[in-house]
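Student: I would like to learn how to read the features of a structure such as this one, step by step. Could we go through it together, with the general idea before each case?

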There are 2 protein chains.
Amino acid sequence: MPKGNRLKSRLHEIRREMARLGLPALLVTDAANVAYLTGFQGTSACVVMTADRAALIVDIRYYEQATRQAPQTERVLVQGALYDEALVNTLQDLGATRLAFEADALPVARHMAVSWRLPKLELVPTRGIVERAREVKDADELVLVRAAADITSGAILRALEVMSVGMSERAVASLVEAEFWRLGADGPAFPTLVASGPRSALPHPRPGDRLIEAGDLVLIDAGAVVEGYRADMSRTVVVGPPTRKQRAVWDAVHAALEAGLARVRPGVAASAVDAACRKALQARGFAAVHDTGHGVGLDLHEGPRVAGDSEDVLAPGMVITVEPGVYEAGWGGVRLEQLVLVTPAGPEVLTTAPLAIASPCGSVRAGL
Amino acid sequence: MPKGNRLKSRLHEIRREMARLGLPALLVTDAANVAYLTGFQGTSACVVMTADRAALIVDIRYYEQATRQAPQTERVLVQGALYDEALVNTLQDLGATRLAFEADALPVARHMAVSWRLPKLELVPTRGIVERAREVKDADELVLVRAAADITSGAILRALEVMSVGMSERAVASLVEAEFWRLGADGPAFPTLVASGPRSALPHPRPGDRLIEAGDLVLIDAGAVVEGYRADMSRTVVVGPPTRKQRAVWDAVHAALEAGLARVRPGVAASAVDAACRKALQARGFAAVHDTGHGVGLDLHEGPRVAGDSEDVLAPGMVITVEPGVYEAGWGGVRLEQLVLVTPAGPEVLTTAPLAIASPCGSVRAGL
């Protein structure tokens, strides 16, 4: 739970931006934005904020949770299922005449309900006000991001150690997620990906029944979540001695990762990190097929964007992934992904599990 | 993956409803509705359908998956990140002049983008067109719902067997989810709930570090997902010999469950199931604090509504939960939840794990 003064400074920053934009009131409906401003981690809630108030509107299913997670925030209980009614009453109570809303996170139906009930209220579409504030993590957030990254590192490392020939992708995924639980996470931050052999070339390889074979590439892409904060990490290993081609691809991706990480520093364009990864892959004869990374926090994908056309500039406190990959349909793929904190001194890699092409799994070593 | 003729009959039903409502074209943006109409299980896609076409608009991250999961559906690839552009082009291509959209699932920003680019297109808000069709499951869907229910039953039963005094709630949750993987699920349908002792009274008890003690109530509420279809099931047991009060509460909830199930039959109002549960609890001196159930399918909560103010009527092929509960803050709670298929002959309980107040865990029996 964020400390009260932490929440105050988050609200303060949003209010400064609202004042700059001439917005007296803001309706926050994006769930991660609600969590950021109040500490409340559930769904179906929204926040109405003005220069001096911030009210969390929440229904009975989540009221107890809101009391626990957002004790510092004024809470408005929805009566029955009359969510629009509670919102309208709160807006009337606040005396708002001009209300900014999150255009990407407000469904048309709710917009219609509010404008129909409050025809004199001016509704102003906005984008990214809270999202931009979330890009730089504060100290409370970094504690949770670090915890999620540590657990993720530990869990993937453990799965790589225990993994053996004949085990299914599904069993490996189960191992990773069991370690998340054991190490204190609140669960996976996204569906765990495990792909072996040719399946490692798939963009979103959900773990299947395929059994791991000697010589396989095995790709694991997973992350734990701790109090809403997510981690994201990938490792790819070869089960047994790598072929020349596996080694060449792995080394190229590793070089691209290092090249990308070397550019991570405050004041550097996020697009420069992407460019460095692409250039390193091209120098070795490979093409990058996806963006190099993304910001991570309460959402798995958030700002800054780490892509060729990104206009974002890195700043201390941002947390991003650097994750180059090379894939060949029918053969396989290699992705190496680090979660990185931007510090004044450069990149701090949060996902500290070792990077190595060799699978550490015992039964394979025994079989060599 | 749904069979081609299955998808055809789903589209046919939606088109009949569109014709009835005078809607020549429909934009489907709700992810579960997209999955229902195409088989595609990813996010960030939408479907535009008319009387003779149905196009799935999908970006490069999900294109391969769409090709695999929705081979029968026409696919439109979003160029770069220009999602609105692809949508507008498709609408122009279809020659639509009047477009219905899902008011609860279309963000204002996308609505604005379409109306700005196609000022002559009439945009018509709708609600629940596809959702209502989804209430009655077809044969392909029932195969997956049954698989999810079987796995859920097996996993919770196993966790109850292995569970022992001194084990943390977190460890029990980990056990349930490991069984989901082992039994062939694609993961949990929602965050697994495990609560012991007084925590069983919480509305959404995420598993914590509390260690299970002799005499505890332990509540498990979990569900597996199989190819997008979800299950939902709860069991509550006492670890060791129940107290008189635990027995009284458990028996009341069990009686309410049986009373609710007894009302499940085609043609019966869903509110009657809710009323039967409430009446049974009241007869034993307890009050029902939450709705008795909900429809389950591609979404964890979908139609029909099983609540006092529901106007839905049960029909063969509907899948609902019946889940009465009694809670006392500081003491604990009991919830018993079955996933049920409405058949012409009455209810078919899909979650077949036994209902019993006694925890089957060995170490407790040994300690008695």
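Student: Which residue forms a salt bridge with B:R182?

Tutor: Side chains of opposite charge can pair when their charged atoms come close. In this predicted model, B:R182 pairs in this way with B:E179, and the closest N and O atoms of the two are 2.9 Å apart. Both residues belong to helix α8 of chain B, where they stand three residues apart, about one turn of the helix.

Student: Are B:R182 and B:E179 buried or exposed?

Tutor: B:R182 has a relative accessible area of 57% and is therefore exposed, since the cut-off for that word is over 50%. B:E179, with 10% relative accessibility, counts as buried, because that value falls under 20%.

Student: How many salt bridges are there over all chains?

Tutor: The rule counts 56 of them over all chains. One is formed by A:E302 and A:R134, whose closest N and O atoms are 2.6 Å apart. A:E302 is in strand β13 (residues 302–306) of chain A, while A:R134 is in helix α6 (residues 129–134) of chain A, so this pair ties together parts that are 168 residues apart in sequence. A:E302 is buried, at a relative accessible area of 12%, and A:R134 is buried too, at 2%.

Student: In chain B, what does the side chain of B:R134 meet in a salt bridge?

Tutor: The partner is B:D30, at 3.7 Å from N to O. B:R134 lies in helix α6 (residues 129–134) of chain B and B:D30 in the loop between β1 (25–28) and α2 (31–38) of chain B, so the pair ties together parts that are 104 residues apart in sequence. B:R134 counts as buried, with 3% relative accessibility.

Student: How should I read the interface, and what area do chain B and chain A bury between them?

Tutor: The size of an interface is often given as the accessible area lost when the parts come together. Here chain B and chain A bury about 2600 Å² between them, with 59% of that area on carbon and sulfur atoms. B:V108, B:R170 and B:W181 supply 28% of the area that chain B buries against chain A, which is more than any other three residues. In terms of contact, 29 residues of chain B meet 29 residues of chain A.

Student: How many salt bridges and residue pairs in polar contact does the rule find across this interface?

Tutor: Across the interface of chain B and chain A there are zero salt bridges, whereas 16 residue pairs are in polar contact. On the side of chain B that touches chain A, the elements giving two or more residues are α3 (60–69), α5 (108–117) and α8 (169–182) of chain B. Among these, α8(B) gives the most, with six residues. The residues of this side divide into 16 nonpolar, five polar and eight charged.

Student: How many disulfides does a search of the whole structure find?

Tutor: A disulfide is a covalent bond between the sulfur atoms of two cysteines. The search finds zero disulfides over all chains. As for individual cysteines, A:C46 is buried, with a relative accessible area of 1%, and B:C277 also counts as buried, at 1% relative accessibility.

Definitions and conventions: Residues numbered from 1 in each chain as written. Chains lettered and ligands numbered in written order. Predicted model: local features only at pLDDT ≥ 70, side-chain atom pairs only at ≥ 80, totals over all residues. Heavy atoms only, no water. Contact = heavy atoms within 4.5 Å. Buried area = accessible area lost by both parts, 1.4 Å probe. Salt bridge = Lys/Arg side-chain N within 4 Å of Asp/Glu carboxyl O. Polar contact = N/O pair within 3.5 Å; in protein donor to acceptor, adjacent residues only side chain to side chain. Helix = DSSP H or I, 4+ residues; strand = E, 2+ residues; numbered from the N terminus. Nonpolar A, V, L, I, M, F, W, Y, C, P; charged D, E, K, R; others polar. Disulfide = S-S within 2.5 Å. Buried < 20%, exposed > 50% of the residue type's maximum accessible area, 1.4 Å probe, protein only.
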